Amino acid sequence: ICNPRSAIMAWVGSLVGVLVGLTLGVDGYQLHAGIWSFNALLTTAAIGCGNFCVPNSSALGFATVGGMLGTCLFGTISALLTAAGMPALSIPFCITTLAVLNLHSSTDAISLESGIQYAAVRNED
């Protein structure tokens with residue numbers, strides 16, 4: 001968890017979150033506070049630096065796209081939960097990371113790190 005690759009991917013995730021927030025026209029105060037880059041930072045660091053996936057150029061691409069999706073998902077979930085008085089927290093990170101990790105079964109571009117047990121329900125009849 002504590003390595004230079006994680007720091008770089010965290011920086012990339014933060015940048016992705018800010019750029020997506022700017023594109024969506026988010027208030028500058030929320031961008032400055034890091035609210036919109038939190039989930040992107042977690043997603044890119046988890047996928048791109050070797051915590052869950054083998055670190056390669058494909059994982060970097062999936063991590064960046066996952067950061068974008070996580071930021072957009074944060075906006076959606078935040079809007080839905082704010083009406084109920086609840087924060088979104090890291091729900092977008094969890095959903096996005098699991099969705100990206102699920103891609104390993106459908107593409108050869110991303111592979112899980114050895115030792116990671118991924119529980120997928122499969123019907124083997």
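This is a predicted model: local features need pLDDT of at least 70, side-chain atom pairs count only at pLDDT 80 or more; totals for chains, interfaces and linings use all residues.
How many of the residues in α3 are buried? It's 8 of the 11, in a helix that covers residues 38-48, so α3 is largely enclosed by the rest of the structure. If you want to find them on the screen, the buried ones are N39, A40, T43, T44, A45, A46, I47 and G48. And just past the end of α3, have a look at G50, which takes a positive phi of about 100°.

Now, the neighbours. When we talk about two packed helices, we describe them by the angle between their axes and the distance between those axes. Let's take α4 to begin with. Here the angle with α3 is about 155°, and the axes are 8 Å apart. Anything over 145 degrees counts as roughly antiparallel, so that is what we call α3 relative to α4. The crossing of α3 past α4 is right-handed. On the α3 side, the contact is made by N39, A40, T43, T44, I47 and G48. On the α4 side you have A59, F62, A63, T64, G66, G67, G70, T71 and F74. What classes of residue are in this contact? There are 6 nonpolar ones, 9 polar ones and no charged ones.

Let me zoom in on one of those α4 residues, T71. T71 sits in helix α4, and with a relative accessible area of 0%, T71 counts as buried. Leaving out residues up to four places away in sequence, T71 touches G17, V20, W36 and A40.

Next up, α5. How do α3 and α5 pack? The angle is about 30°, with the axes 9 Å apart. Under 35 degrees is roughly parallel, and α3 and α5 are therefore roughly parallel to each other. This crossing is right-handed as well. Who meets whom? From α3 it's N39, L42, T43, A46 and I47, and from α5 it's P92, F93, T96, T97 and V100. Sorted by class, that contact has 6 nonpolar, 4 polar and no charged residues.

Let's pick out A46 from that list, which belongs to helix α3. Is A46 buried or exposed? Its relative accessibility is 6%, so A46 counts as buried. If we skip the neighbours within four places in sequence, A46 is in contact with N51, F52 and F93. Then there's M9: A46 and M9 are 37 residues apart in sequence, yet 8.6 Å apart in space, going C-alpha to C-alpha.

M9 brings me to my last topic, the nonpolar cores. As general background, nonpolar side chains tend to be buried together in soluble globular proteins. In our model, the largest nonpolar core has 8 residues: M9, I47, C49, C53, A59, A63, V100 and L101. Helices α4 and α5 each supply at least two residues of this core. A separate core has 7 residues, including V26, L31, I77 and L81.

So, to wrap up: α3 is largely enclosed, with 8 of its 11 residues buried. It runs roughly antiparallel to α4, while α3 and α5 are roughly parallel. Thanks, that's me done!

Conventions:
Residues are numbered from 1 along each chain as its sequence is written. Side-chain values use heavy atoms; hydrogens and water are left out. Buried means under 20% relative accessible area, exposed over 50%, partly exposed in between (1.4 Å probe, protein chains only). Helices (H or I, at least four residues) and strands (E, at least two) are DSSP runs, numbered from the N terminus. Axes are lines fitted to C-alpha atoms, for helices over the stretch in contact, and angles run from 0 to 180 degrees between N-to-C directions. Angles under 35 degrees count as roughly parallel, over 145 as roughly antiparallel, 65 to 115 as roughly perpendicular and the rest as oblique. A crossing is left-handed if the near helix is turned anticlockwise from the far one by less than a right angle, and right-handed if clockwise. Contact means heavy atoms within 4.5 Å. Ala, Val, Leu, Ile, Met, Phe, Trp, Tyr, Cys and Pro count as nonpolar, Asp, Glu, Lys and Arg as charged, and the others, Gly among them, as polar. A nonpolar core is a set of buried Ala, Val, Leu, Ile, Met, Phe, Trp, Tyr and Cys residues joined through side-chain atoms within 4.5 Å.
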